[in-house]
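Please examine the sequence and the structure before reading on.

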Amino acid sequence: MFAFSYNRTSLLNGTATAGHKKLFITMKKNLQKTAFAFLLVCGVISGCKKTDSAIAPEAGTPASGIPSTFAYQTSRPVQFDIQLLSNNNQPIKGVVLTVTATDNAEKIFLKGVSDASGYVRATVDIPYYLDSVAVMPKYTGLLNKVKSVIKNKSSVKMVIGGVDGLSGDVVITSETPSATGSTMTGKQGSIVAGILGTDYSYPAPYTSSAGAIVNTSEYPFSLGRPKYLLGTSDEIDASLLSYINASLPEGQPVTQTHPEYLTSTAQSNIVVTQNNTEVFVTFVSEGADYKNTLGWYSYPTNNPPTQASGSTLQNAIDEVTMVFPNASAYGSGGGLKAGNKVSLGKFSAGTTIAFVLIQNAWSSNGIQTGNTKFYTDSRFNPESTAALRKHSVMLYDSQHELFVFGFEDINRSATAGSDNDFNDLVVYATANPPAAISKTNVSAIDTRVDSDNDGVDDSIDEFPNDASRAYTSYYPSATGWATLAFEDNWPNTGDFDVNDLVVNYRYAYVSNAANNVVEMTGYYLPVAAGADFKNGFGVQLPVAASSVASVSGQSLQNGYISLAANGTEAGQAKAVIIPFDNHENLLKNADGSSQINTVPGKPKATAAQATVKVTFTSPIAQGTLVNNALNPFSISNKRRGYEIHLSNYAPTDKADKTLFRTGADNSLPASNRYYMDANNAPWALNFPDAFAYPAEAKSIKSAYLNFDAWAKSGGTQYTDWYISTAAGYRSEGNIFK
């Protein structure tokens, strides 16, 4: 689809500029003179002929078959409207939430803090090739991963929490693992473990999973929702959730945040102190990938078991009764909703009630009782080091008169991968009468702390002592790169290997609790320069130049860029930053030659990075700085007026507008059409991922075999053309390694 020019000369105003691509350098000396003359004439005509009124405004589909409205965008805006609620519909404020790729939590498209109404609202750029995303509130008590299908959607609305547990544009996950191990027999009653081992049972009168599990269209059998749940669920208010999060913050090890919870003297079992005491267990949340099972057993407080199970009659646990066969939430492979409640029965004074979590035990075949078990009585847990055997914490909340239990469901040995946050399963226990459970050696639940009063608790506030800052978000991720790839011979045509300047980039945004950006840092890494031209690089921000307080970190060594006092480029109405004015400031071959990192077999050059920090005079609304709103451009051969932008992105005030519609350029500024030729071909491409660019003189369509099909479809087909490595997508030999 792209036109070829034999030597990529810039022939403007009748004056030829020396060609700078390998195609000219490597032209055979024995090329026939007549052929050379013919090509020269063609180059002059295509390179410098003004087309002003010769080309009428485009309508319909050009000859190449590429829609005239197609602008080569590889990502699109999606509006998110997410509300976070407790199960009694109280808004939850100050939750840090992310929207990520479903298969890569490091690829974060949105990070925000819920407001006083529990909302996170934002518009973000999502790669076209993604059909779904994961919404991840960092808050114990809410589902920590909710899938949403975004294909063909411009907006997503959902409620996480609330009376329904989950609603809106969500995918309810119900799949269960194919667990292995011995399946629970479903026997009822106490069987002596000394002879037959521990008996696993459902509470009377249920004798099997088929009888004990609700089997309806809403809660299918495979979800494991017990039939013996009490008819009325508990209301769990936002204040209780705030206490739980202060005590067991998501992803933060209790070993560091509250090591006192894990001491050998800290109580982890329920000790009943009054006769005829009914004990209840209420589901709060789960933060695990596993489909865990929770059961309980009891014993005389003064005669505890000395082993979990055994083949003798010596004080083993004889029976474990199910509390939650599948302790997983609705929407996360289970059927439980916050507030679901079970009565364990009535107990006499001097009885201890303990719990056992059976790891990943629930499956459609029933409970796999042979799986790894973690007990609230840490003596029975598998770690070789006593200090690591504790797998549960017990916390007393005096305001709500309940005992919170948090469980860790992975072996805590150093190599096992536990995060030690003890919120893989969170439940609480209550009693009737309320005072009938001992508080001796039970740790007090923590209460929320917000040192800077910005509405974000210290436990999740990245800047707990700075009210002007709450968190940092990244594009495309904290460690990954997005890529810009340029042809530099605009307004003339080139070989379209899009490697004349290749810049990897990443942005970090520091935002306040209102989700407004106070500071942004751009990381710019030129990785290739397949040209003789010395190209600069700039970014126009969608804010006034006066909105910027300061800019630092630019690499300007060539004297043609003038800066205003605040560090933005002088003479610009909108804020323009120039990370580097010549790629050779940061990327250069050791021998000083051109064609940097584009010729296979040539020694590779290592780039330095430009780190440009921009602070704003006042916070900027999050949606203003989404990636598609930024306007990056290259500056061709240190000629400030020669800006090369992405398709349909307007030039800055410093661009030479007289160059439009010269050479091959077919811009129509009055129609907001920019930087496209008559065949709708661009001079620059943007990728929301690191892009493996073509090798020298290999056109992009010869390297990426579905590029043409993608363009001709208007971006609706082969949206993964540049990232997929499946058969038929790439010609590996034409991609620079």
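## Serine 477 and its surroundings

A polar atom of the side chain of serine 477 lies 2.7 Å from the backbone nitrogen of glycine 480. A polar contact is a pair of N or O atoms within 3.5 Å; within protein, one must be able to donate a hydrogen and the other to accept it, and residues adjacent in sequence count only if both atoms are side-chain atoms. The model is predicted: local features need pLDDT of at least 70, side-chain atom pairs count only at pLDDT 80 or more, and totals for chains, interfaces and linings use all residues. Residues are numbered from 1 along each chain as its sequence is written, and side-chain values use heavy atoms, with hydrogens and water left out.

Serine 477 is placed in the loop between strand 25 (471–475) and strand 26 (482–486). Helices (H or I, at least four residues) and strands (E, at least two) are DSSP runs, numbered from the N terminus. Serine 477 counts as buried because its relative accessibility is 9%; buried means under 20% relative accessible area, exposed over 50%, and partly exposed in between (1.4 Å probe, protein chains only). Apart from neighbours within four places in sequence, serine 477 is in contact (heavy atoms within 4.5 Å) with Glu106, Lys107 and Arg506.

## Two further loop residues

Asparagine 499 is found in the loop between strand 26 and strand 27. Asparagine 499 is buried, since its relative accessible area is 0%. A polar atom of its side chain lies 3.1 Å from the backbone oxygen of proline 694.

Glutamate 401 lies in the loop between strand 21 (392–397) and strand 22 (402–407). With a relative accessible area of 45%, glutamate 401 is partly exposed. Glutamate 401 touches Tyr396, Thr430 and Pro434, not counting residues up to four places away in sequence. Glutamate 401 and threonine 430 are 29 residues apart in sequence, and their C-alpha atoms are 7.2 Å apart in space.

In soluble globular proteins, nonpolar side chains tend to be buried together. A nonpolar core is a set of buried Ala, Val, Leu, Ile, Met, Phe, Trp, Tyr and Cys residues joined through side-chain atoms within 4.5 Å. The largest one here has 124 residues, of which Phe80, Ile160, Ile270, Phe324, Leu344 and Phe355 touch the most other members. A second, separate core of 41 residues includes Leu501, Val548, Phe616 and Leu630.

Helix 5 (residues 238–247) is mostly covered, with nine of its 10 residues buried. Those buried residues pack against helix 6 (254–257), strand 13 (277–286), strand 21, strand 22 and strand 23 (425–432).

## The largest cavity

Which residues are closest to the centre of the largest cavity? On a 1 Å grid over the protein atoms alone, a cavity is a set of points where a 1.4 Å probe fits but cannot get out, and lining residues have an atom within 4 Å of a point. The largest cavity holds about 250 Å³ of space; grid points are joined across faces, edges and corners, and a volume is the space filled by probe spheres set on the points. Of its 17 lining residues, Phe109, Val124, Ser473, Tyr509 and Gln622 are the closest to the centre. Strand 5, strand 6 (119–127), strand 25 and strand 27 (501–511) each give two or more residues to this lining.

Methods. On a 1 Å grid over the protein atoms alone, a cavity is a set of points where a 1.4 Å probe fits but cannot get out, and a pocket is an open set with protein on both sides within 12 Å along at least five of seven lines; lining residues have an atom within 4 Å of a point.
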